[in-house]
Amino acid sequence: MIESDVATELTLAEATMARPTPRVGRRPVGLSVGIPLFALLTALGAYAAVPMAPVPMTLQTLFVLLAGTVLGPSAGAASMLLYLFVGALGAPIFSVGGAGLGWAFGPTGGFLMAFPLAAAVAGWCAGESKRTVPTLVGLVLASLVIFLLG
């Protein structure tokens, strides 16, 4: 009995060691680091604001585009969904310290709701090749998504 338990443990250990490193986009960074990191950077970008009426200009757009380009379309969109989820729960991470579900229906709501789609567009256009022209096209299209939905 003991011998079979040891054999099972060795098999599980070998199987665990054989797993590839999780990837986020094109970098060997764990999903548990990349997604929250870009959500945090987007939150910090909300505080770097130039007051304008009715919507302030912030660095959030920069971090949305970077999230898609660096993390890829799925993880980039996931990081923006995490950002929106935390803000909807009440953390003051939207522009000028806004928080809660009500913020999503105000003047900045369309911009906020466009963030996951814009990150996905940027990541999809940047793709695996890292070529300059497709990446620039993706950044422009992702910016258009944000401003058209905003």
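This is a predicted model: local features need pLDDT of at least 70, side-chain atom pairs count only at pLDDT 80 or more; totals for chains, interfaces and linings use all residues.
View 1. Residues are numbered from 1 along each chain as its sequence is written, and side-chain values use heavy atoms, with hydrogens and water left out. The buried residues of α3 are Gln60, Phe63, Val64, Leu65, Ala67, Gly68, Thr69 and Leu71 (buried means under 20% relative accessible area, exposed over 50%, and partly exposed in between, with a 1.4 Å probe and protein chains only). Helix α3 itself, residues 60-71, has 12 residues and reaches 16 Å from its first C-alpha to its last, close to the expected 16 Å (1.5 Å times one less than the number of residues). Glycine 72, with a positive phi near 100°, follows α3.

**View 2. Helix α3 against helix α5.** The two helices pack at an angle of about 40°, and their axes are 7 Å apart (axes are lines fitted to C-alpha atoms, for helices over the stretch in contact, and angles run from 0 to 180 degrees between N-to-C directions). This makes α3 oblique to α5 (under 35 degrees is roughly parallel, over 145 roughly antiparallel, 65 to 115 roughly perpendicular and the rest oblique). The crossing of α3 with α5 is right-handed (the near helix is turned clockwise from the far one by less than a right angle). On the α3 side, Gln60, Val64, Leu65, Gly68 and Thr69 take part, and they meet Leu112, Phe115, Ala118, Ala119, Ala122, Gly123 and Ala126 of α5. The residues of this contact between α3 and α5 comprise eight nonpolar, four polar and no charged (Ala, Val, Leu, Ile, Met, Phe, Trp, Tyr, Cys and Pro count as nonpolar, Asp, Glu, Lys and Arg as charged, and the others, Gly among them, as polar).

**View 3. Helix α5 against helix α6.** Helix α5 (residues 109-126) and helix α6 (residues 132-149) pack with their axes 8 Å apart and at an angle of about 165°, and α5 and α6 are therefore roughly antiparallel to each other. Their crossing is right-handed. From α5, Gly110, Phe111, Ala114, Phe115, Leu117, Ala118, Val121, Ala122, Cys125 and Ala126 meet Pro134, Thr135, Gly138, Leu139, Leu141, Ala142, Val145, Ile146, Phe147 and Leu149 of α6. In the contact of α5 with α6, 17 residues are nonpolar, three are polar and none is charged.

View 4. Leucine 117, found in helix α5, is partly exposed at a relative accessible area of 44%. Apart from residues up to four places away in sequence, leucine 117 touches Val145 and Leu149. Leucine 139 lies in helix α6 and counts as partly exposed, with 24% relative accessibility. When neighbours within four places in sequence are left aside, leucine 139 is in contact with Leu65, Thr69 and Ala122. The C-alpha atoms of leucine 139 and alanine 119 are 9.0 Å apart in space, although the two residues are 20 apart in sequence.

**View 5. The whole chain for orientation.** The chain holds six helices and two strands (DSSP runs numbered from the N terminus, helices being H or I of at least four residues and strands E of at least two). From the N terminus on, the elements run α-α-β-β-α-α-α-α. Of the 150 residues of the chain, 37% count as buried.

Terms used. Contact means heavy atoms within 4.5 Å.
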